[in-house]
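Subject: Structure handover

Hello,

Here is the structure you asked about, with notes on what was found in it below.

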Amino acid sequence: MDKDYSKELSVIEGKPSLATITHDISVPMETMPNKAFYIALSVTLTFLGIGAFCLILTFIYGIGLWGNNNPVGWAFDIVNFVFWIGIGHAGTLISAILFLFRQKWRTGIARFAEAMTIFAVMTAGLFPLIHVGRPWLDGYLLPHPNQHGLWVNFTSPLLWDVFAVSTYATVSLIFWYVGLIPDFATLRDRTTNNIKKLIYSVLSFGWRHSNRHWQHYEMVYLILAGFATPLVLSVHTIVSFDFAVSILPGWHTTIFPPYFVAGAVFSGFAMVQNALIFIRKVFKLEYIITLDTLEKMNKIMLLTGTIVGYAYGMEFFIAWYSGNPLELFTFVNRAFGDYAWAYWIMMTCNVFSPQLFWFKKLRRSIPFMFVVAIFVNVGMWFERFVIIVTSLSRDFLPSSWAYYKPTLIDGGILLGSFGLFFTLVLLFTKAMPVISIAEVKAVVDGSQPTHHGGHE
Amino acid sequence: MSSKIEYTKQPIPANWTKIGMILTVLGLALVGASFAMDSTRATFNSILGMMFIISIGLGALFTIGIEYLAGAVWSTPYRRVAEILASVVLIVPIFAIPGLIKMHDVFHWSHAEALQDAILKNKSAYLNTTFFIVRMVAVFIIWIVFYFIFTKNSEKQDITKDQKLTKRNIKFSALFMPLFAISLTIMAVDWMMSLEPHWFSTIYGVYYFAGTFLTGLSFITIIAISLNERGLLVKGLGEDHYYSLGAMMFAFVNFWAYIAFSQYLLIWYANLPEETYWFINRYEGSWAYVSYGLVFVHFVIPYIILLPQPAKKDPKRLKLAAFILIFAHIYDLYWLIMPTYTKQHGIEGMVFSFYEIAFPVLIIGVVMVWFGIMSKNKNLVPIGDPKLQQAIDFHL
């Protein structure tokens, strides 16, 4: 079947009535969870429990329980931080940047992706806090006058991270919430339960679906999208500064900012795609989160994966071209040294596996794309591991070289972060509409009569 | 209901070619004079000129590719303008000639004694004359081949209205993108970064890309708006169609600033002498003012002009922004290239005289004349494109 380029393709399959859409999206919040939900929740809660247990042990006995050593002072803690911050980027890209680009296919997935952003940032935010080893002193991360005369180091990108991540989390939360207001109003009008009605009434701020409300809403939404766009780019840029402002070979390279942003979007899309494959199936929303949408996500993964590949190539080339022996050593060591296994996992998963998306058949096969997206996330986790650990383990003084090996506690905390993230995701799917009811109605065929005539 | 596509073929304004001719002649005179008086300085400027004309042609070629790939609708009425502009890649090789002939005057690494320098010896596997020329030829071939593929398919569609041609171009666009990234990086590294062969920066290709795309977009904006104001494009194009051009320029003004800032901050902060000297060269003497000026010309001023929403719909302000951005790109290239010249020749501070004007004048003239030649016998709008109707009906 050949595509007809003269018509705008509908983002929603079939011609569902508006009532069907409202019903299908609201149903999960109006029914009791089924057995599968409880099973999934108990799994994620178990992971979360393991993570919490490992954290408590860490707080009692100290970070000596981790594999970190001298010289590898940053390891799983920072790897996980960067990984989860990266996951968050897809949400803002979908909800804000694609909105500015007027990409209607984003409608079906924006809400869910944004929720994942918030949960991912929450998960990520934990790691710097525990990484300091004495989490009860975390308050000093925020500059405030105190009796000790202690101030943060304003010239450190680690502090810029505190500002960048907290600003990003705040704006993402507001953006997400603004989008939810009309939907809360819809739920309020549907529910028969008085307690629920009260909660939804409060949450919806007295929204009445009036014309004036919508006018304000669209204005605010556009402005917030404009704010969120530079913010999302700044967050991973500053995360990349954590490494790139240093003079450590393998960390100090000027392409880091755009390369980290591309990598973040890459892994974020993979995670969102993985989760959506379940969501659309379980909630029977295949006509809203269509195969076309998933295919477009895969194309973005192909694009960002290739950008990441370009950055790897450029780094390697310049390491040689610069004539700096330390730099070249670092890169050769990455590919053929002690951590070659991690490097090649990264290369296979990040650079080679998404290249299979060049083929339309593979791009549209759900089992196949699911596996590739998992590969991508594994690869992106290893990318941070490779960058951080290989560079540190071979620092300037050969006498201090050491091999880093994670401990069980490290693994437990990593598992716990997945537990936390997916617990929040699961709770979200039953507590709030996973798709924006109002926005989806606006992209159904024929919902925008003024767009195709009558304007003359 | 939606308006029908109303297009009658008309030639572009005759005075464009006239002005182009005058600029070309003036430019040729200046170029001739500069080669006669100081051929080294003229050669440095020829590189500036070549990188500028690459930006025009390649920027337009990239715009075509990205439109197909993203399935963009709003830009369809402007695509033929981009296609004609992309034909500039055919004349790019001419501007490489001075740089190749006088290679030893500008590229320190091409000297035989450069091999005594341990670092340059290490690089000689990449930086050597033969490989340099091989890369350049390969890059030119890639651009020219893709230019012909895109335009032939698109022009054929004017007559046949065959949708398969769109599909074919989409496939070629996908193939073009990685080749585009690599070829652009090669040209940026070879012709500009290697002017100071000890210096290196991994973001350099991306930096040049930001300027390239902005320049291509600015030329398209100016030409498309001017043609439309004279009623030479398809009927029904107005401010809603201009808006996206402005929004795109605005986005890439920010992108350029982001890349430029990243490069600067990371090098400044790490403070490694093998990297910082490149910026120090641009801070010595009067070069400092050029560096400060770059921030304003390339970022602050276009940012302020393009920020308000009405500006993106106003043809006057859009053209103003586009002119500033073209100037900014020339300014940027001057800032990238000429400090090497002053450093090599022991000149303190910046130099600016008719040498630096010669090539930009010549190139703008040549591009205007070339546009006139290449647009002959062509529709100025891809009238057979299936997306065109939708694009004309587009409203914000």
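How many residues of chain B are in contact with chain A? The number is 53, and they meet 44 residues of chain A, contact being heavy atoms within 4.5 Å.

The model is predicted, so local features need pLDDT of at least 70 and side-chain atom pairs pLDDT 80 or more, while totals for chains, interfaces and linings use all residues. Residues are numbered from 1 along each chain as its sequence is written, chains are lettered from A and ligands numbered from 1 in the order written, and side-chain values use heavy atoms, without hydrogens and water.

The interface buries about 3900 Å², 64% of it from carbon and sulfur atoms (accessible area, 1.4 Å probe, lost on putting the two parts together, summed over both). On the chain B side, Thr202(B), Leu266(B) and Tyr269(B) lose the most area, together 19% of what that side buries. There are zero salt bridges between the chains (Lys or Arg side-chain nitrogen within 4 Å of an Asp or Glu carboxyl oxygen).

The side of chain B that touches chain A has 32 nonpolar, 14 polar and seven charged residues (nonpolar: Ala, Val, Leu, Ile, Met, Phe, Trp, Tyr, Cys and Pro; charged: Asp, Glu, Lys and Arg; polar: the others, Gly among them). Helix 10 of chain B gives the largest share, 13 residues (helices are DSSP runs of H or I, at least four residues, numbered from the N terminus).

Regards

Key
Helices (H or I, at least four residues) and strands (E, at least two) are DSSP runs, numbered from the N terminus.
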